[in-house]
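Me: Let's go through this structure by question and answer.

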Amino acid sequence: MGPETAGTMTDPEEIKMDQKQINGISVDVESDIKGITARNANFFELLGNFVMIYWKSIIIVLWPIVLLPLLIYTDHTMYRCLYTVGVMAMYWVTEVLPLPVTGLIPIFLYPLLGVMSTSDTCKCYINDTSMMFVGSLVIAVAIEHSGVHMRVALIIIRIIGCSHRKLSLGLFVVTMFISMWISNTAATAMMLPIVKKVLTELETGPGLNFAAWMVYAVPAMIVIGVLTWLWLQVLFMGLFRKNSKDAKAVNIGEEGERIAARVIDSKYKELGPVSWHEGSIAFLFILIVLLWFFRKPDFILGWPIFITKQEVKDSTAAIGLIILLFIIPSRLDFFRAFSSDTDRRPIKPAPALISWKIINEKMHWGLMFVLGGGFAIAAGSQSSGLSRMLGEALSGLKSMNPIWIMIIVFIFCETATELTSNVAVANIILPVLAEMCVAIKIHPLYLMVPATLGCSFSFHLPVGTPPNAIVSAAGKIPTKNLIIAGIGPSIITAIFTVGTFATWGVYSFGLHEFPSWATL
């Protein structure tokens, strides 16, 4: 190594210092660039960024202020109620607060604004309907805890078959059946593990009155379900398009069907024989359905007539079943208490069919407050005269054919529920429809039932309903595909719901005449 070369050598520490200086210069330059960018950003850009970040807080603070004229320029109780409804409607639609928290607003505002007393408002949160709702949720938790839902699902799928088309129909039917008795969200969450397991294995292979409601809803559900399944088959599985790419993709052949069948059989065998726990839950479930159906079936005397002269509603049967869930043991260990084999003797009692700990973990308690908020809106609107005023304001629709009114109401609800919670939409629209029906002298159920159904049909956006969000996330479905797939079901449900309710629904619910109770 020559002296020239040696003279050009640089100390490693000097190199590190130089690098630090360079990095420091880079940081300074970056800071200067950010500073210049920040200085160059105009006020409106900064304001836009601020609004995008804090839009929820802005709505929470400003919206009640925007509605203050309702309180300032009039002292009528009706407008004070309208103020509360307006605040809740915006908070529910935008979900700037959790839905249950928004549902609690009447307890705070109604007494302060003189709409209803605290005690009267709180009664809206725990009533017969709320208790029925609690009962249904507990039953759903008990079914899920026992595993009986999984056994029923697998049995039906084994019966229907395991080709892509048969499998999709089987999953469709099972999910539709389960969602009749428990919430849509719970049904989706239950079915998702089965669907994912089957799809994973295939990828490794070769390619109101309960009886009246049932009378109307079950045939409608079956027809709408079949038409929706056909739409999805045409859209994604190449039905009627034998040579299409979609049709070839789903043709897994006999070997693929055998793989799917093995998955289902394996899953079913893992469950083992039917346990006492499953059998008890299944029996109680069938029992509660029969009690609900025959409480007041209209075509025969209901069972409460033979027991009491007091009015009995569905929540009574639901709570009775819940009590049994905490009494009946999940195992029959006590039969072995006197066994000659000391090892078989139980050392502690078997747990009940359900425990409070499980219910506390899996129950969606927040829905109680959402439901209560809806009842509070209805009660406050009625007592203050708000719903009557809004209903009379729409009395001009009297000259319009009731079927056209039903179409407008249904489309509005079906569209609105795509953007926010179906519970929120129903809570806002139903009290107004009830008074509107009184004003134009048609049976309230004629518009309220189709509106309720419309609030349940959300097919296009993940935000519309939790099941959409669950499926969209699990299947990594682009929103564009969800929107396209939802076109058919939206049209099918609109045409069929309106058509059947205007005919079969009128007969099922006895809506031929305006009822005397509606004017009380």
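**Cysteines, a helix and a patch**

Reply: At 0% relative accessibility, Cys413 counts as buried. This is a predicted model.

Me: Which cysteine sulfur is closest to that of Cys413, and how far away?
Reply: A disulfide needs two cysteine sulfur atoms within 2.5 Å. The closest one to Cys413 is too far for a bond. That sulfur belongs to Cys455, at 4.1 Å.

Me: Is Cys124 buried or exposed?
Reply: Buried means under 20% relative accessible area. Cys124 has 8% relative accessibility. Cys124 therefore counts as buried.

Me: How many disulfides does the whole structure hold?
Reply: For Cys124, the closest cysteine sulfur is in Cys122, 8.5 Å away and too far for a bond. Cys413 also has its closest cysteine sulfur too far for a bond. A search of the whole structure gives the count: zero.

Me: Which residues of helix 7 are exposed on the face turned away from its buried side?
Reply: Helix 7 spans residues 105-113, and Ile105, Pro106, Leu109, Tyr110 and Leu113 are buried there. Seen down the helix axis, these buried residues fall within an arc of 100 degrees, so they line one face. The face turned away carries Phe108 and Leu112.

Me: What is the phi of Gly114?
Reply: Gly114 follows helix 7. Its phi is positive, near 80 degrees.

Me: What accessible area do the residues of the nonpolar surface patch with Val51 have together?
Reply: Val51 sits in helix 3, residues 43-66. It is partly exposed, at 37% relative accessible area. Patch residues need over 30%. Other members include Phe43, Trp55 and Met52. Together the patch residues have about 1000 Å².

Notes:
Residues numbered from 1 in each chain as written. Predicted model: local features only at pLDDT ≥ 70, side-chain atom pairs only at ≥ 80, totals over all residues. Heavy atoms only, no water. Patch = residues over 30% accessible without salt bridge, like charges linked within 9 Å, V, L, I, M, F, W, Y side chains within 5 Å. Areas by Shrake-Rupley, 256 points an atom, 1.4 Å probe, with all protein chains shown as cover. Salt bridge = Lys/Arg side-chain N within 4 Å of Asp/Glu carboxyl O. Helix = DSSP H or I, 4+ residues; strand = E, 2+ residues; numbered from the N terminus. Buried < 20%, exposed > 50% of the residue type's maximum accessible area, 1.4 Å probe, protein only. Arc of directions from axis to C-beta.
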